[in-house]
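Reader: Please show me the sequence and the model, then take my questions in turn.

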Amino acid sequence: MNSLDIFILSDSLGNTAEHICKAAVAQFETLDYKIRKFSHVKSDEELHEIFEDVLSRQTVVVLYTIVSEELINSVKEFAEKNKIIAIDLLSPITNSITKLTKLEPLEKPGMLRQLNDLYFKRVESMEFAVKYDDGKDNRGVLQADLVIIGISRTSKTPLSMYLANKNIKVANIPLVPEASVPKELFEISSKKIVGLTNSPEKLNHIRVERLNALGLPNGSKYADMSRILEEIDFAEGIMRKIGCPIINVENKAIEETAELIITYLKKSGVKIYND
């Protein structure tokens, strides 16, 4: 038989149809075929140019993943008129979903690619948050979408991970009186920095529980009230110097604090990926 020409038409990249096509032809050991892929098909004019090529082939099949109803109808009319086998790979599925759920499809090309991009951005953000957690590497400050600063036990790490899951690259920096403040904090816009604080009483309670969990004596300086007050005063002084907002997390869930931060970033004009 003649070589089989497989035309793939898509209003996006066409990778979905190509994967399905290759899975199908793999079932035929001796099949001589050639795949011709046409991506980002957006108009009838583009379709008609492709149709001319299709008609010049002897043994041909057309596969298409197109969401525009107008373009789908053009392909169907061409196939029926010229007795060409044309297989719509998306409509039977979307139509079935519509029938079951009463929801209408968006008819937006490239949605799967956008979802994939979002997934990989989320993974990248999670890896970033781990790499630049707790001041491990101050260079992350310059690359971050957001920098969280605060003293110990103000939920910097869990908040960073929560925001990373929303595709925001977060670095967090602990503020300790005995440690120098990273110079990088003064090299970026204060709009990208948020300070966290807590009440002395709450911090004392959290730190005492932390010491007990670690099997350490309660008399440690870490949970001493005068030490806590010193740390709060030092940290808030740095935050005021930077000019960033300060959020008291005492009675706030991680989700609540995160929403405050996202709202602040958007109002400040900071571009984040999930806009």
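The questions below concern an annotated site, a pocket and the nonpolar cores of this predicted model.

Reader: Which element gives the most to the lining of the second largest pocket?

Author: The pocket holds about 210 Å³ of space. Its lining is made up of D134, S152, R153, T154, S155, K156, T157, P158, N172 and P174. At least two lining residues come from each of α7 and β6. The element that gives the most, with 3 residues, is α7.

Reader: Is I151 buried or exposed?

Author: I151 sits in the loop between β5 (146-150) and α7 (156-164). Beyond its neighbours within four places in sequence, I151 is in contact with K156, L175, L196, L203, R207, E231, I232 and A235. The relative accessible area of I151 is 2%, and the cut-off for buried is under 20%, so I151 is buried.

Reader: Is T154 buried or exposed?

Author: T154 is also found in the loop between β5 and α7. Setting aside neighbours within four places in sequence, T154 is in contact with L196, T197, N198, L203 and V249. Its relative accessibility is 0%, so T154 counts as buried.

Reader: How many Å lie between the backbone oxygen of I151 and a polar atom of the T154 side chain?

Author: I151 is placed in the loop between β5 and α7, and T154 is found in that loop too. From the backbone oxygen of I151 to a polar atom of the side chain of T154, the distance is 2.8 Å.

Reader: Which element gives the most to the largest nonpolar core?

Author: This core has 21 residues, and those with the most contacts inside it are V147, I149, L185, I193 and I242. The elements that give two or more residues to the core are β5, β6 (170-174) and α9 (225-242). With 6 residues, the element that gives the most is α9.

Reader: Which residues does I193 touch, not counting those up to four places away in sequence?

Author: I193 is one of the residues with the most contacts inside the largest nonpolar core. Not counting residues up to four places away in sequence, I193 touches V147, I149, L185, I188, I242, C244, P245 and Y264.

Reader: How many residues are in the other core?

Author: Another core lies apart from the largest one. L47, F51, I72 and A79 are among its residues, and the count is 17.

Methods:
Residues are numbered from 1 along each chain as its sequence is written. This is a predicted model: local features need pLDDT of at least 70, side-chain atom pairs count only at pLDDT 80 or more; totals for chains, interfaces and linings use all residues. Side-chain values use heavy atoms; hydrogens and water are left out. Helices (H or I, at least four residues) and strands (E, at least two) are DSSP runs, numbered from the N terminus. Buried means under 20% relative accessible area, exposed over 50%, partly exposed in between (1.4 Å probe, protein chains only). Contact means heavy atoms within 4.5 Å. A polar contact is a pair of N or O atoms within 3.5 Å; within protein, one must be able to donate a hydrogen and the other to accept it, and residues adjacent in sequence count only if both atoms are side-chain atoms. A nonpolar core is a set of buried Ala, Val, Leu, Ile, Met, Phe, Trp, Tyr and Cys residues joined through side-chain atoms within 4.5 Å. On a 1 Å grid over the protein atoms alone, a cavity is a set of points where a 1.4 Å probe fits but cannot get out, and a pocket is an open set with protein on both sides within 12 Å along at least five of seven lines; lining residues have an atom within 4 Å of a point. Grid points are joined across faces, edges and corners, and a volume is the space filled by probe spheres set on the points.
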